[in-house]
Amino acid sequence: MSETATLKIWRGADRNSGSWELHEVPFEPGQSVLDGLRWIRVHRDPTLAIRFSCINANACKECMMELDGETVYACTARLEPREMTLAPLANKKLVRDLVTEIAPPAERLAIKGS
Ligand code: FES
């Protein structure tokens, strides 16, 4: 029987009304947490909001989130065959699900009327 990782993922666009979802993900040694999240988007739920760019270089920092209460890069954090809790960064403005506003204010796109 193949092993699985259980990802407990925070979902929502409002910290006061979000909820937790559990997803079973096939586990293979060497995979990253980001690999697991991308698997969920392809095979289970394309609405899961995640952000990434460089995939595995720890260079863009787009994939920062909290794993079991610690800030990590999802692309370099290793997937493990256990329950792993993933949440948006607590100290950044929430966009949705695991995505927060991490760009410095001067680099954000200015949208008229917002
Ligand atoms: S995707 Fe670029 S640092 Fe993780």
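Start with the protein chain as a whole: 20% of its 114 residues count as buried. Keep in mind as you look around that this is a predicted model.

**The whole chain**

Along the principal axes, the C-alpha atoms of the protein chain fill a box of roughly 55 × 35 × 25 Å. The radius of gyration is 14 Å, which agrees with the value near 13 Å that a compact globule of 114 residues would have. Walking from the N terminus, the elements come in the order β-β-α-β-β-β-β-β. If you draw contacts between residues at least 6 apart in sequence, 46% of them join residues at least 24 apart.

**The sheet**

Next, look for the open sheet of five strands, ordered β2-β1-β5-β3-β4 with mixed pairing. Select 19-26 and 70-73 to highlight its edge strands, β2 and β4, each of which pairs on one side only. Turn the view to look across the strands: on average, neighbours in this sheet are turned by 35 degrees against each other, direction ignored.

Now select residues 4-11, which form β1. This strand pairs with β2 in the antiparallel sense, over eight bridges. For a landmark in that pair, show alanine 5 and find valine 25 of β2 standing opposite. As a reminder, strands of a sheet pair through backbone hydrogen bonds, either parallel or antiparallel.

**The helix**

Select residues 33-43 to bring up α1. The helix lies across β1, β2, β3 (64-67) and β5 (83-87), and runs at about 100 degrees to β2. Which residues of α1 are buried? Show Val33, Leu34, Asp35, Gly36 and Leu37. The buried residues of this helix pack against β1, β2, β3 and β5.

**The nonpolar core**

In soluble globular proteins, nonpolar side chains tend to be buried together. Here, the largest nonpolar core has 18 residues.

For the last stop, centre on leucine 98. What is leucine 98 in contact with, leaving aside its neighbours within four places in sequence? Select Ile9, Trp10, Ala49, Ile50, Met65, Leu86 and Pro88 to see these partners together.

Methods:
Residues are numbered from 1 along each chain as its sequence is written. This is a predicted model: local features need pLDDT of at least 70, side-chain atom pairs count only at pLDDT 80 or more; totals for chains, interfaces and linings use all residues. Two strands pair if DSSP finds at least two bridges between them. Helices (H or I, at least four residues) and strands (E, at least two) are DSSP runs, numbered from the N terminus. Axes are lines fitted to C-alpha atoms, for helices over the stretch in contact, and angles run from 0 to 180 degrees between N-to-C directions. Two residues are in contact if their C-beta atoms, placed from the backbone, lie within 7 Å. The radius of gyration is taken over C-alpha atoms; the globule rule is 2.2 Å times the number of residues to the power 0.38. A residue is buried if 20 or more other C-beta atoms lie within 10 Å of its own, exposed if 12 or fewer, and partly exposed in between; C-beta atoms are placed from the backbone. A nonpolar core is a set of buried Ala, Val, Leu, Ile, Met, Phe, Trp, Tyr and Cys residues joined through C-beta atoms within 7 Å.
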